[in-house]
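Subject: The structure you asked about

Hi,

Here is the structure I promised to hand over. Have it open while you read, and my notes follow below.

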Amino acid sequence: MPALPLRFPLLAAALPHGARPLSPAPHADPASTPGSSRFSGEADFLDATGQPRRSRSAADLASRETAIARHRIVIVGGGAGGLELAARLGDSVGRDGAAEIILVDAALTHVWKPLLHEVAAGTLGSQENELDFLQQARDHHFRFHLGRLESLERAHRSIWLAPLVDDDGMEVAPRRPLAYDTLVIAVGAVDNDFGTPGACEHAISLNNADEARRFHRRLLALCARAEMTTGEPVHIAIVGGGATGVELAAELTGAAGEIASYGRELRRLGLPLRISLIEAGDRLLASVPQGLGRKAGEDLAARGVDIRVQAKVAEVCADSVLLKGGERIAADLVVWAAGVQGPEVLEKLDGLVTNDRRQLLVRPTLQTTVDDDIFAFGDCASCTPGPDDKPVPPKAQAAQQQALLLTRSLQRRLAGKPPLRFSYRDHGTIVSMGPEQALGEVRTAHGRRYVLRGIRARFGYWLLYRRHLAVLVGAARTVLVTVGHWLTRRAHPRVKLH
Ligand SMILES: Cc1cc2nc3c(=O)[nH]c(=O)nc-3n(C[C@H](O)[C@H](O)[C@H](O)COP(=O)(O)OP(=O)(O)OC[C@H]3O[C@@H](n4cnc5c(N)ncnc54)[C@H](O)[C@@H]3O)c2cc1C
């Protein structure tokens, strides 16, 4: 059972009511008009043990009937796409009572993943960019349920959430069902280690906040060991020369000097970190124009990063990375950033179809290929908008564009209209090269391309997160949060030392 961090006073609000219909959904026929509710009253529900639920009072029953008479949209996953969708739907159809919006997430807080390399390097405190789902739910007129999607029963239009256990292993809530009229799956991605031996045991991923924090703790522990005993630099191997790997390498080179300034022995080492960036392809940053990839490589090499291209990893060991040619690269700490795939649960969802990367296959409307009432988007879905298009890439900007389209599609669905088709607009890619540097290419609506470098690129990169924040907390609070972060950073060491 997955252990979940819990804040008990808030838990009751975050737990689902565990209801599902006794009989199959009346509009199981995809052609039937969505929007009409299949819920009629208390007797239509089973509790988590399969017994009919009973209300405690007439008033309770009346209020519950009002709640369940509305079309229920359940969104699973409150990441870059899912939380924006919940907020936008909550502010429209949730607020005016046309639908009940429920967001389910396995965590209590939302994290903007593109900042995780900064959390790992310690240049950003992990709590600095977390948003409480419960506060988001209150502010945006949706309900939040804490839980991990475990399975799906399409005939009953229910998802099942895994038992909820606290950090000490105590079961707080049993395995429980949650009914939906429309289901949206946005559970993101996990690392794809392509079955490389040792990767699972010895490499850390940057795909969630816990892993990023774990990396940072290990980094500090290894620096402390270097300071007190070995006197040797800490070796870090980053597998994957895409945006995540390059950004982490750049952030670590900046952090290294700062860390060294706090320890006499570390200072003696010069740069206390030796970083190797290992890429299987023939260049870094395959998703940006070649010149920019080369520039990023030169920049990192000038900062002392050992860059290996066309280097395939054969095995990850406790103290090294073994390359296919037989070369061994020493590594106290290995980060795996070489690709993503859908979480395992997607393969167990009652006949929904996945591709070889475990992503759910969806049509251009973002509906799954086999069920009109189930949508999927973001990193966990594979969508090819048109016959001449490539599949939409797993990027935050794609998830955000899809969230925007789905907001309109689901509003239309409630009015009995067909969903809209998604088309992806690539606005370009900007890669952070440390606290004050970035490089990348932006594309305008007319297809013009502009190369950005230095502080201008850094501003574009910074803007991506601020725009996300503005959707969730509003423009005024975004300014406040930004000023708050700026002040905090000036009052504390530039790198988190604990
Ligand atoms: C280090 C790093 C840097 C990146 N940098 C960039 C960048 O610069 N630009 C860019 O465009 N993209 C970047 N990305 C990619 C970007 O973060 C993702 O494409 C984006 O977050 C995908 O959004 P999503 O909504 O699909 O999923 P996510 O944001 O991953 O959110 C998934 C959510 O689902 C929840 N969840 C997972 N499983 C379950 C379950 N079984 N039940 C319930 N909830 C579940 C998770 O807790 C999470 O809240 C980066 C990614 C990483 C890791």
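**Around the ligand**

A backbone N or O atom of Ala80 sits 3.0 Å from an oxygen atom of the ligand. Before you go on, keep in mind that this is a predicted model, so treat the distances here as computed from it.

A polar backbone atom of Ala106 is 3.3 Å from a nitrogen atom of the ligand, and a polar backbone atom of Lys395 lies 3.4 Å from an oxygen atom of the ligand. How much of the ligand does the protein bury? On its own the ligand exposes 1000 Å², and the protein buries 88% of that.

Now zoom out to the whole shell. There are 29 residues around the ligand, and the ones that come nearest are Gly81, Asp105, Lys113, Leu149 and Asp379. Sorted by class, the shell has 12 nonpolar, 11 polar and six charged residues.

Which helix gives the most to this shell? That is α11, with three residues. Helix α8 (243–260) and helix α11 (396–414) each supply at least two residues of the shell.

Next, have a look at the rings. The structure holds three aromatic pairs. In one of them, Phe459 and Trp462 have ring centres 5.5 Å apart and planes at 20°, so this pair is stacked. The cut-off behind that word is that planes under 30 degrees apart count as stacked.

Why are these two separated by about one helical turn? Because Phe459 and Trp462 are three residues apart in helix α12 (residues 454–491). Are they buried, exposed or partly exposed? Phe459 has a relative accessibility of 47%, so it counts as partly exposed. Trp462 is partly exposed as well, with a relative accessible area of 33%. Both labels follow from the cut-offs, because buried means under 20% and exposed means over 50%, with partly exposed in between.

**A buried glutamine**

Gln136 is in helix α5 (residues 133–140). Its relative accessibility is 2%, so Gln136 counts as buried. What does its side chain meet? A polar atom of the Gln136 side chain lies 3.4 Å from the backbone oxygen of Leu472.

**Some loop residues**

- Thr384 is placed in the loop between β26 (381–383) and α11. At 35% relative accessibility, Thr384 counts as partly exposed. From C-alpha to C-alpha, Thr384 and Leu366 are 9.6 Å apart in space, and they are 18 residues apart in sequence.
- Phe194 is found in the loop between β14 (190–191) and α6 (199–202). Its phi is near 50°, which is a positive value in a residue other than glycine.
- Leu285 is part of the loop between β17 (273–278) and α10 (290–302). Leu285 isn't a glycine either, yet it has a positive phi of about 50°. With a relative accessibility of 1%, Leu285 counts as buried.

Cheers

Conventions. Residues numbered from 1 in each chain as written. Predicted model: local features only at pLDDT ≥ 70, side-chain atom pairs only at ≥ 80, totals over all residues. Heavy atoms only, no water. Near = heavy atom within 4 Å. Polar contact = N/O pair within 3.5 Å; in protein donor to acceptor, adjacent residues only side chain to side chain. Areas by Shrake-Rupley, 256 points an atom, 1.4 Å probe, with all protein chains shown as cover. Helix = DSSP H or I, 4+ residues; strand = E, 2+ residues; numbered from the N terminus. Nonpolar A, V, L, I, M, F, W, Y, C, P; charged D, E, K, R; others polar. Phe/Tyr/Trp six-rings, centres within 6.5 Å; stacked < 30°, edge-to-face > 60°. Buried < 20%, exposed > 50% of the residue type's maximum accessible area, 1.4 Å probe, protein only.
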